[in-house]
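Try each task before reading its solution.

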Amino acid sequence: MLNPDMVREATRLTRAGQLVEATALLQRMLRGDGGPPATRGNAVPVEPARLEPPTIELKANVVEEKESGPSTQATPAKQLKGLAPFGAMKDLSGFGMPGPVGRTPMSKADIAPDGTRFVSATFTNAAGSRTYKLFIPSRTHAGPRPLIVMLHGCTQSPDDFAAGTRMNFLADERNCFVVYPEQPRGANHAKCWNWFRTGDQRRDGGEPSLIAGITRQIMREHPIDRKRVYVAGLSAGGAAAAIMGATYPDLYAAVGIHSGLACGAASDLPSALAAMRQGSAGPIGTAGASVPTIVFHGDRDTTVHPSNADRILRWPGEDASVRTKILRGRVPEGHAYTRTIFTDEGGLGTSEHWSVHGAAHAWSGGSPAGSYTDPRGPDATREMLRFFLEHSLASFTRR
């Protein structure tokens with residue numbers, strides 16, 4: 001239950017630049033430790049800031065295996081080190097937490113395959129400027145090709161996100177371009193996309209205009225199939241991807257959201273923390289209904305509540321034409337999962353929800369070469385790319 005007095009006090013502290021105190025106060029509220037407001041100045045007493053990164057549990061739940069969907073061989077299970085990813089403070093206010101430790105430093109071989117290019121460029125418009133890294137596949141004379149826009153999570157970089165997801169390697173197999181816009185520390189101290197600000201949830205303004213501008217710049221400069229452009233992201237990047245699907249349904253043919261939130265899930269710091277901790281409440285944007293959407297979310301995610309995945313894919317109203325199929329499976333020596341497929345009357349998959357049992361807040365099936373990955377699968381990169389290439393702008397009737 002949100003305490004209005006505590007929310008007002010947290011907002012006041014945020015505006016005053018006291019982000020540690022504001023976050024600590026909101027943590028108390030979400031734990032149910034409301035307490036009476038202080039009498040002095042009607043301010044709520046704030047206990048000394050105690051930053052508590054979420055605990056990541058990696059023990060898989062056993063589920064009934066009725067029908068196995070496609071899965072890929074996972075990297076042998078490993079002890080995941082240093083997993084204190086995109087916590088509330090990092091996503092929203094940029095307080096530092098220890099990064100992953102014990103990982104081998106990235107090399108070029110972790111980021112892109114031989115014979116390909118991974119180049120830097122910059123886009124600028126009225127909202128500002130962003131650099132990006134563009135992956136160019138090895139087959140350069142094959143006509144117009146798909147483009148995937150990848151939005152990294154907090155503290156990550158294009159190189160890190162590319163290494164962790166291995167999207168460049170799969171994209172080269174399928175002859176796709178991939179672009180990784182980079183959020184600078186000047187826009188958010190923890191390099192998070194500002195998905196919770198209303199000014200960054202609108203078409204042709206703020207960060208959405210920058211991401212769309214990068215997309216269009218690449219479409220002008222390279223042989224891109226305009227009907228097969230896609231956007232995906234992790235955590236804060238996943239929430240930003242949901243915004244892009246909701247605000248630019250004429251640009252992106254499908255959306256992939258890993259451990260993210262729906263467009264409109266929050267409008268400020270207090271509502272963002274509440275949505276992350278206990279799921280969003282109230283009306284939600286209909287990104288899942290605007291474009292085909294595939295969602296991955298671990299059911300042990302204590303950073304972004306798993307119920308946010310259902311909010312992303314909620315269809316507005318009753319639609320008798322939508323069919324639902326549920327498949328259960330397990331990656332060998334890895335996680336079990338439940339895959340829910342929504343199809344239209346013609347049998348085309350319009351949306352998918354992969355609930356990864358026992359997984360926390362990390363890219364499913366990713367490589368340990370990058371940060372915030374869980375090698376025990378299922379392979380979110382392969383499944384997202386498969387889902388994307390099943391869709392084009394001409395294949396989906398807008399609702």
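**Exercise 1.** Decide whether His297 is buried or exposed, and find its polar partners.

*Solution.* Start with the surface: His297 has a relative accessible area of 1%, so it is buried (under 20%; exposed is over 50%, partly exposed in between, with a 1.4 Å probe and protein chains only). This is a predicted model, where local features need pLDDT of at least 70, side-chain atom pairs need 80 or more, and totals for chains, interfaces and linings use all residues. Residues are numbered from 1 along each chain as its sequence is written, and side-chain values use heavy atoms, without hydrogens or water.

Next, look for polar contacts (N or O atoms within 3.5 Å, one able to donate a hydrogen and the other to accept it; residues adjacent in sequence count only if both atoms are side-chain atoms). The side chains of His297 and Asp301 make one at 3.1 Å. The His297 side chain also lies 2.8 Å from the backbone oxygen of Val304.

Finally, check the contacts (heavy atoms within 4.5 Å): beyond four places in sequence, the partners of His297 include Ser259, His305 and Trp354.

**Exercise 2.** Classify the ring pair of Phe296 and Trp354.

*Solution.* First, recall that rings of Phe, Tyr and Trp (its six-membered ring) pair if their centres lie within 6.5 Å; planes under 30 degrees apart are stacked, over 60 edge-to-face, the rest tilted. By this rule there are 7 aromatic pairs. The Phe296 and Trp354 centres are 5.1 Å apart with planes at 10°, so this pair is stacked. Lastly, both residues, Phe296 and Trp354, are buried.
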